[in-house]
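Here is a short tour for someone meeting this structure for the first time. Keep the sequence and the 3D view open while you read.

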Amino acid sequence: MPALVEEGRAKVNLTLKVVGRRVDGFHDLESVVAFADCADRLTLKPGSELALTMEGPLADACGDTSDNLVLKAARLLGERVADLRVGHFTLEKVLPVAAGIGGGSADAAAALRLLARLNELSLDDTRIMDVALQTGADVPVCIGSRACDMTGVGETLLPLNLPKLPCVMVNPRVPVATKDVFNALGLRHGELLVGATDVVIQAPSWPEAGGAIDDWIEALALGTNDLEAPAARIEPVISDVLSALRETAKVRLVRMSGSGATCFAIFGNDTDAQAAGEKLRAEHPGWWVHAGTLS
């Protein structure tokens with residue numbers, strides 16, 4: 001059987017509100033999630049043994065292969081699906097690691113899609129989604145890799161009709177551990193950041209299908225990323241990235257994604273986004289910069 005291929009698209013949190021911390025230690029979130037047109041590439045060559053090879057410009061940043069989420073997801077699925085067909089994965093890593101754009105989660109989701117294809121499983125199979133959530137909070141939304149309003153710990157997904165948003169994504173090549181950022185947020189077990197009757201808990205209203213870019217930018221501008229401040233305390237360079245993005249011409253919205261350190265800027269058109277990307281690459285050659293679209 002020929003090798004199978006899937007992409008692990010970068011995930012961007014356009015908004016991220018921390019509702020509170022559960023008694024079990026997990027954090028409840030409400031986040032508008034979109035996906036970028038940049039991605040890792042995962043290949044599966046069917047075989048008798050489960051294995052993973054790393055390659056690509058950022059492979060060395062991934063650490064020990066045995067801890068990779070691709071293998072974790074595959075092993076968890078193997079515990080639930082009898083005689084699961086597996087094989088040798090090859091991951092071409094181009095997305096920054098520990099960057100707040102769900103690179104590892106996107107790779108794990110790509111692995112689950114590949115195994116579903118190989119084993120003729122539906123992506124709606126409860127075992128697939130159970131494994132996705134056990135692998136990581138961002139993995140369920142990465143399974144479909146389409147814009148969603150994500151709530152809870154990542155298990156509740158409401159699809160959104162997001163237009164293509166011209167954007168620039170920037171990572172200063174400084175890894176930020178999600179655990180450290182949540183620790184810096186400092187919520188106690190069982191602590192809520194909104195009241196039980198607060199309207200923020202309810203599903204927010206987003207533009208309808210066919211909504212213009214301007215309508216979405218206006219709606220997204222009302223949100224925040226509650227992890228931005230604690231992440232910037234851990235890695236002050238995040239503030240430098242945000243400032244650099246705000247100084248680009250014709251920028252419409254600037255925010256950090258996830259737990260950082262990747263930040264993004266949204267523009268009104270592709271030309272402005274590409275020009276901003278070129279400017280940032282020239283001024284900050286050590287940074288990872290991608291100019292493209294979110295959808």
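## Aromatic pair

The model is predicted. How many aromatic pairs does the count give? The count comes to one aromatic pair. Its partners are W206 and W216. Their ring centres lie 5.8 Å apart and their planes meet at 5 degrees, so the pair is stacked. Planes under 30 degrees apart count as stacked. W206 is buried, at a relative accessible area of 15%. W216 is buried too, at 0%.

## Strands and their partners

Start with strand β1, which covers residues 4–13. Is β1 largely enclosed or largely open? Seven of its 10 residues are buried, so the rest of the structure largely encloses β1.

Strand β3 spans residues 27–47. It runs antiparallel to β1, and nine bridges join them. L4 has L44 of β3 as its bridge partner.

L44 turns up again in the next pairing. It stands opposite F89 in β5. Strand β5 takes in residues 86–92 and pairs with β3 in the antiparallel sense. Strand β4, residues 51–55, runs parallel to β5. Here A51 stands opposite H88 of β5.

Further along the chain comes another pairing. Strand β9 holds residues 251–256, strand β10 holds residues 263–267, and the two are antiparallel. L253 faces I266 of β10. β9 and β10 form a hairpin with six residues between them. In that turn, G258 has a positive phi of about 55 degrees.

The table lists these pairings.

| Strands | Sense | Bridges |
|---|---|---|
| β1 and β3 | antiparallel | nine |
| β3 and β5 | antiparallel | seven |
| β4 and β5 | parallel | five |
| β9 and β10 | antiparallel | five |

E6 is found in strand β1. It is buried, with a relative accessible area of 17%. The cut-off for buried is under 20%. Neighbours within four places in sequence aside, E6 is in contact with D40, R41, L42, A110, R113, L114 and R117. V97 stands well along the chain from E6, 91 residues away. The C-alpha atoms of E6 and V97 are 19 Å apart in space.

R113 also touches S145. S145 lies in the loop between α4 (139–144) and β6 (148–152). At 12% relative accessibility, S145 counts as buried. Its contacts, not counting residues up to four places away in sequence, are R9, F35 and R113.

## N171

N171 has its place in strand β8, residues 165–171. Is N171 buried or exposed? It counts as buried, at 2% relative accessibility.

Leaving out residues up to four places away in sequence, N171 touches P96, A99, A261, T262, W287 and W288.

## Q134

Q134 is partly exposed, with a relative accessible area of 42%. Its contacts are K72, L76 and R80, with neighbours within four places in sequence left aside. Q134 and T53 are 81 residues apart along the chain, and 23 Å separates their C-alpha atoms.

## The largest pocket

How much space lies in the largest pocket? The volume is about 1200 Å³. The lining has 45 residues. Closest to the centre of the pocket are S105, G136, A137, D138 and T178. Several elements contribute to the lining. β1, β3, α2 (103–119) and α5 each supply at least two residues.

Conventions. Residues are numbered from 1 along each chain as its sequence is written. This is a predicted model: local features need pLDDT of at least 70, side-chain atom pairs count only at pLDDT 80 or more; totals for chains, interfaces and linings use all residues. Side-chain values use heavy atoms; hydrogens and water are left out. Buried means under 20% relative accessible area, exposed over 50%, partly exposed in between (1.4 Å probe, protein chains only). Helices (H or I, at least four residues) and strands (E, at least two) are DSSP runs, numbered from the N terminus. Two strands pair if DSSP finds at least two bridges between them. Contact means heavy atoms within 4.5 Å. Rings of Phe, Tyr and Trp (its six-membered ring) pair if their centres lie within 6.5 Å; planes under 30 degrees apart count as stacked, over 60 as edge-to-face and the rest as tilted. On a 1 Å grid over the protein atoms alone, a cavity is a set of points where a 1.4 Å probe fits but cannot get out, and a pocket is an open set with protein on both sides within 12 Å along at least five of seven lines; lining residues have an atom within 4 Å of a point. Grid points are joined across faces, edges and corners, and a volume is the space filled by probe spheres set on the points.
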